[in-house]
Amino acid sequence: MKRRIYFVPITIFLNTLVFLAWQFTETKNFMPDHFLISYNALLEGRYWTLLTSVYSHSMGLHFFINMYVLHSFGGFLERFLGTWRFGFTYLICGIMGSLG
């Protein structure tokens, strides 16, 4: 029996929403203040940017390639690891990448 995948499609949907917000937002400071990681953001106590920056993509090609790879390989990994383990791994790796 094949496991159903949940995390990958939800993550692609959330990434799409954040990408569209970057493209069409009216408020110029909201997205950089809440979706970009920086040393100053951490000093100011905006620790959530460690996670929200995982969903930010700067350009259309960057977004498309990342979503294509997530769709292609993420489904396999989610079925193999299970939704919770894959989701946890994805988020921890994203946070570690933000720290890097």
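Ser-56 touches Val-18, Trp-22, Phe-35 and His-62, leaving aside residues up to four places away in sequence; contact means heavy atoms within 4.5 Å. The model is predicted, so local features need pLDDT of at least 70 and side-chain atom pairs count only at pLDDT 80 or more, whereas totals for chains, interfaces and linings use all residues. Residues are numbered from 1 along each chain as its sequence is written, and side-chain values use heavy atoms, with hydrogens and water left out.

**Ser-56**
- Ser-56 lies in the loop between helix H4 (49-52) and helix H5 (60-81).
- Ser-56 counts as buried because its relative accessibility is 13%, buried being under 20% relative accessible area with a 1.4 Å probe and protein chains only.
- The side chains of Ser-56 and Trp-22 form a polar contact at 3.2 Å (a pair of N or O atoms within 3.5 Å, one able to donate a hydrogen and the other to accept it; residues adjacent in sequence count only if both atoms are side-chain atoms).

**Fold**
- The protein has six helices and zero strands, where helices are DSSP runs (H or I) of at least four residues and strands (E) of at least two, numbered from the N terminus.
- The C-alpha trace spans about 45 × 25 × 15 Å along its principal axes.
- Among contacts with a separation of 6 or more, 62% join residues 24 or more positions apart.

**Surface and burial**
- Of the 100 residues, 31% count as buried.
- The protein exposes about 7200 Å², of which carbon and sulfur atoms supply 71%, by the Shrake-Rupley method with a 1.4 Å probe.

Methods. Buried < 20%, exposed > 50% of the residue type's maximum accessible area, 1.4 Å probe, protein only.
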